[in-house]
Structures are given as structure tokens and as C-alpha cells.
Amino acid sequence: FVTPRHYLDLIHHFVALFDEKRQQLEDQQKHLNTGLKALKETEDDVAERQIQLDAQSKELNEQQKNAKVTLEQMMEAEKDASKKREKAIKVSGEVEVEMKQINERTASVEGELAEAKPALEAAQKAVSNINKKQLNEIKALRN
């Protein structure tokens, strides 16, 4: 037999159980909302970092192109320098041969000059002995 007291106890028990279940659901909802908030923040952070990554990737590609161009220029400059070095070595060899020939010619000319110098000095000595009267006679003979 059910008395009003039993009925009131049942209602109180039902209200307590309802409150407990509602609290559990609110806790779960709060937990899920916290997780969803963290996921949303992570998604926003990932999107922001993706934008940064794209910008840095473009910058990196540009810098790689610049580095490639610079490397090609350096390689070209090295080739030019190598060609110039080879040419300088060749010219140096030619100059050395010419210097040897010039030294030989200089020695030969100095030898000839040494042979001709006594004759030159004798001629100068002979010319210094000519007086003005003898010079005028020579001029008169030429006309």
C-alpha cells in the first residue's frame, strides 16, 4: 500500500536523481566544450602557422633561386679567372722568351758598341784636330 509519504519520498528521490544526472550532463558538456575550444584554438593556430609556412616557403624558394644564380655567377667568374690565369701563364712564357731574346740582342749590341767605341773616339779625336780653315776648304769642295 502506497501512502502519500511514499509518494513524496519517490518525488524527492526522483528530483535528487534528476539533479545528479543533470549535473553529470553539465560536467560532460563543460568537458566537451573545453575540448572543442582547445580544438578550435589548435585549428586557428594551425591555419596561422600554415600561412606563415607558405610565406616562408615562398621566401625560401626565392632565396634558393638567388643562391643558384649567385652560384652560377661564381662558377662563370671562376671559369673566366681560370682562362685569364692560363692566358697570363702563356703570355708570361712568351714574355720570358722575348726577354731572353732581348737580353741576347742587348749583349750582342753592347759587344758591337764596345768594338765601335774605339773607332768613334778616334774619329772624335781626329775631328777635334780639324781647324776652321780646313772646314771652309771642305765646304768649298762640296759646291
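A: Let us start with arginine 49, which forms a salt bridge with aspartate 45, their closest N and O atoms lying 3.2 Å apart. Both arginine 49 and aspartate 45 belong to helix α1, where they stand four residues apart, about one turn of the helix. That spacing has a simple background: an α-helix has 3.6 residues a turn, so residues three or four places apart point the same way. Please keep in mind throughout that this is a predicted model, so that each distance here is computed from the predicted atoms.

The two partners can also be described by how open they are. Arginine 49 has a relative accessible area of 54%, and because over 50% is the cut-off for exposed, arginine 49 is called exposed. Aspartate 45, at 33% relative accessibility, counts as partly exposed, since this value falls between the limits of 20% and 50%.

Lysine 40 forms a salt bridge with aspartate 44, and here the closest N and O atoms are 3.6 Å apart. Because lysine 40 and aspartate 44 are four residues apart in helix α1, about one helical turn separates them. Lysine 40 counts as partly exposed at 45% relative accessibility, and aspartate 44 is likewise partly exposed, with a relative accessible area of 41%.

A further pair joins arginine 22 to glutamate 26, with 4.0 Å between the closest N and O atoms of this salt bridge. Arginine 22 and glutamate 26 both lie in helix α1 as well, again four residues apart, or about one turn of the helix. Arginine 22 has a relative accessible area of 42% and is partly exposed, while glutamate 26, at 39% relative accessibility, also counts as partly exposed.

How many salt bridges does a search of the whole structure find? The search finds four, and among them are the pairs of arginine 49 with aspartate 45, lysine 40 with aspartate 44, and arginine 22 with glutamate 26.

For contrast, one may look at a nonpolar patch on the surface, formed by Val2, Tyr7, Leu8, Leu10, Ile11, Phe14, Val15 and Phe18, which together have about 810 Å² of accessible area. One of these residues, valine 2, lies in the segment before α1, the helix that spans 4-128, and at 64% relative accessibility valine 2 counts as exposed.

Technical notes: Residues are numbered from 1 along each chain as its sequence is written. This is a predicted model: local features need pLDDT of at least 70, side-chain atom pairs count only at pLDDT 80 or more; totals for chains, interfaces and linings use all residues. Side-chain values use heavy atoms; hydrogens and water are left out. Patches are made of residues with over 30% relative accessible area and no salt bridge: like charges are joined within 9 Å, nonpolar side chains (Val, Leu, Ile, Met, Phe, Trp, Tyr) within 5 Å. Accessible areas come from the Shrake-Rupley method with a 1.4 Å probe; for residues, only the protein chains shown count as cover. A salt bridge is a side-chain nitrogen of Lys or Arg within 4 Å of a carboxyl oxygen of Asp or Glu. Helices (H or I, at least four residues) and strands (E, at least two) are DSSP runs, numbered from the N terminus. Buried means under 20% relative accessible area, exposed over 50%, partly exposed in between (1.4 Å probe, protein chains only).
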